[in-house]
Amino acid sequence: MILSLFGYLFHGSYKIPSPRESPSNQLQKLMMNRARFRLLHLDYVAIREVLNSLDPIDYINFSRASKSCKTLSTMKKSYKVCLTIKTCPMLKIGNGVINYAVLWTKEKKEDKTRMLRTWPNEARECVFEYSENPLGAMKEFYMHARSLMGIDIDCVVLFMDDFGEQFREIVYWLNSTFREIPAIRVYGKNQQQINVQYILDNVKYKDSLKLYVKTVEMLPPEIPDTIKELRIGYGSWITLDYLMSLKMCKFALLDTYLTNEDINFFFKSWMQMKSHNNLERFEVNLTNPEDFVAIGLRDIPYEMGPTTSAPFLL
């Protein structure tokens, strides 16, 4: 990998071996020097070809190696970025199918570790970086990448349990850094309702909210009805009135106590065009699956589709 050469890419002359060194050591160092690849001595077109072959993480790291490297790194890329803010924060960058990630940890490793993971719709190579301040390192890396490549933020994932009261500082950074964020996901357990609402009120998200937070009070949060997609992971507080008030075109409500009668009422209202005229997708858990066809689909024409083992709106 080309980045492994950074320690000696840009020297212009050989080192003179010390006369105190043994002949074998002198020969070894001379051979190492002869093997050095002086990238910056190449023709400009050749340099650009080398840079074009780098993945986005290596390209960003190349630009940080020296001022000369940053001057050469002027290519704009149409990558999307997702920031995951947790104890070991992660930056993911890519085009949706092939992605690369950096994960910062306080755990020291002798060498940088790379790991390749694949899913049916994504392949991701992850680099693990050591830092005494993982969150600060992720922020600095992202700001450098944005100034370098003109990349766009696509998603922010927040794990509230990992930061305590520091989450307000994180929200302030998000609010001051991004004009708007297409999608956010928030995770947490036994959180105070006021803290969850603080995030929803101050992070500027525009398209999608996925809320996997169990609050102490178990009350409905205030969510703007201008977003397109909503997913609630802990919905024990959701009532039929709340369901009927939603205006998103896609929503998934899980862990609710909605009855089959409630779902039947919702379906009929939608089919009669009395509500939810822009609905594209609806997902809900069943509290009584055995009676769903008889009660939930009463007086509603339907066709049985294939069985799914996982929610649609992941």
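At what angle do α6 and helix α7 pack, and how far apart are their axes?

## Overview

This is a predicted model, in which local features need pLDDT of at least 70, side-chain atom pairs count only at pLDDT 80 or more, and totals for chains, interfaces and linings use all residues. Residues are numbered from 1 along each chain as its sequence is written, and side-chain values use heavy atoms, with hydrogens and water left out.

The protein has ten helices and eleven strands. Helices (H or I, at least four residues) and strands (E, at least two) are DSSP runs, numbered from the N terminus. Of the 314 residues, 44% count as buried. Buried means under 20% relative accessible area, exposed means over 50%, and partly exposed lies in between (1.4 Å probe, protein chains only). A contact means heavy atoms within 4.5 Å. Among contacts between residues at least 6 apart in sequence, 62% join residues at least 24 apart.

## Helices α6 and α7

Helices α6 and α7 pack at an angle of about 10 degrees, and their axes are 10 Å apart. That makes α6 roughly parallel to α7. Axes are lines fitted to C-alpha atoms, for helices over the stretch in contact, and angles run from 0 to 180 degrees between N-to-C directions. Angles under 35 degrees count as roughly parallel, over 145 as roughly antiparallel, 65 to 115 as roughly perpendicular, and the rest as oblique.

Who makes the contact? From α6 come Phe167, Arg168, Val171 and Asn175, and from α7 come Asn195, Tyr198, Ile199 and Asn202. These residues divide into four nonpolar, three polar and one charged. Here Ala, Val, Leu, Ile, Met, Phe, Trp, Tyr, Cys and Pro count as nonpolar; Asp, Glu, Lys and Arg count as charged; the others, Gly among them, count as polar.

Helix α7 spans residues 193-202. Its buried residues are Gln193, Asn195, Val196, Gln197, Ile199 and Leu200. They pack against β6, α6, β7 and β8.

## Strand β1 and its partners

Strand β1 covers residues 80-85. Five of its six residues are buried, so β1 is largely enclosed by the rest of the structure.

Two strands pair if DSSP finds at least two bridges between them. β1 pairs with β2 (residues 90-94) in the antiparallel sense, over five bridges. A hairpin of four residues joins β1 to β2. In β2, Ile93 is the bridge partner of Val81. β1 also pairs with β6, this time in the parallel sense, over six bridges. There, Thr84 stands opposite Val157 of β6.

## Salt bridges

A salt bridge is a side-chain nitrogen of Lys or Arg within 4 Å of a carboxyl oxygen of Asp or Glu. The count comes to six salt bridges.

One of them joins the side chains of Lys80 and Asp152, at 3.8 Å from N to O. The pair links distant parts of the chain: Lys80 sits in β1 and Asp152 in β6 (residues 152-159), 72 residues apart. Lys80 is partly exposed, at 41% relative accessible area. Asp152 is partly exposed too, at 42%.

Another joins Lys206 and Glu180, at 3.5 Å. Lys206 lies in β8 (residues 205-215), and Glu180 lies in the loop between α6 (167-177) and β7 (181-191), 26 residues apart. Lys206 is partly exposed, at 36%. Glu180 is partly exposed, at 40%. A further salt bridge joins Glu165 and Arg168, at 3.8 Å. Glu165 is exposed, at 55%, whereas Arg168 is partly exposed, at 30%.

## A covered helix and a loop residue

Helix α3 (residues 56-63) is mostly covered, with eight of its eight residues buried. Among them are Pro56, Tyr59 and Phe62. Asp58, Asn61 and Ser63 are also on the buried list.

Asp291 lies in the loop between β11 (281-284) and α10 (292-296). Asp291 is partly exposed, with a relative accessible area of 33%. Leaving aside neighbours within four places in sequence, Asp291 is in contact with Asn260 and Gly296. Asp291 and Asn260 are 31 residues apart in sequence, and their C-alpha atoms are 7.5 Å apart in space.
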